[in-house]
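Here are some notes to go with the model you asked about. Keep the picture open while you read, and find each residue as it comes up.

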Amino acid sequence: MRKRTPKLVISFSSATEAMMFESAVSPQLGRIIPLPAKINAGCGLAFCTDPKDEEKVMKILRNSEIKYHSANIIELF
């Protein structure tokens, strides 16, 4: 049986920003997922990673100047 675990989910205003961010991070850090229903954002994509990597992810967002909509920790399968 699968168990829900906390995940850091970064939502974006556009699919272009989501794809730009995906190319700016290593695949080991996380992946692009469909936007969870709990989050309301401008596009249907989000970046999902372990909450322990929040500082790394936020640093990449700042350094790359990629705009994001929100950062949320929610439980996902």
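Predicted model: local features only at pLDDT ≥ 70, side-chain atom pairs only at ≥ 80, totals over all residues.

**Notes on the fold, point by point**

1. Now the overall plan. There are 2 helices and 4 strands in the protein, and from the N terminus on they run β-α-β-β-α-β.

2. How far does the chain stretch? The C-alpha trace spans about 40 × 25 × 15 Å along its principal axes. A compact globule with 77 residues would have a radius of gyration near 11 Å, and the protein has 12 Å, so the two agree. Of the 77 residues, 39% count as buried. Looking at contacts with a separation of 6 or more, 74% of them are between residues 24 or more positions apart.

3. Next, look inside. The largest nonpolar core has 14 residues, and those with the most contacts inside it are Ile-10, Phe-12, Phe-21, Phe-47, Val-57 and Leu-61. Strand S1 (5-11), helix H1 (15-24) and helix H2 (54-64) each supply at least two residues of this core. The largest share, 3 residues, comes from H2. There is also a second, separate core of 9 residues, with Val-9, Leu-35, Ala-46 and Ile-74 among them.

4. You'll find Leu-61 in helix H2. Is Leu-61 buried or exposed? Leu-61 counts as buried because its relative accessibility is 3%, and the cut-off for buried is under 20%. Leaving aside neighbours within four places in sequence, Leu-61 is in contact with Ile-10, Phe-12, Phe-21, Ile-66 and Tyr-68. Take Phe-21 from that list: Leu-61 and Phe-21 are 40 residues apart in sequence, yet their C-alpha atoms are 7.5 Å apart in space.

5. The background is simple: an α-helix has 3.6 residues a turn, so residues three or four places apart point the same way.

6. With a relative accessible area of 0%, Ser-11 is buried. What does the side chain of Ser-11 join through a polar contact? The partner is the side chain of Ser-70, and the contact is 2.7 Å. Leaving aside neighbours within four places in sequence, residues in contact with Ser-11 include Leu-35, Ile-39, Ala-41, Leu-45, Ala-46, Tyr-68 and His-69.

7. Glu-65 lies between H2 and strand S4 (70-76), and it has a positive phi of about 60° although it is not a glycine. Most residues other than glycine have a negative phi. Is Glu-65 exposed or buried? Glu-65 is exposed, with a relative accessible area of 67%.

Technical notes. Residues numbered from 1 in each chain as written. Heavy atoms only, no water. Core = buried A, V, L, I, M, F, W, Y, C linked by side-chain atoms within 4.5 Å. Buried < 20%, exposed > 50% of the residue type's maximum accessible area, 1.4 Å probe, protein only. Polar contact = N/O pair within 3.5 Å; in protein donor to acceptor, adjacent residues only side chain to side chain. Contact = heavy atoms within 4.5 Å. Rg over C-alpha atoms; globule rule 2.2 N^0.38 Å.
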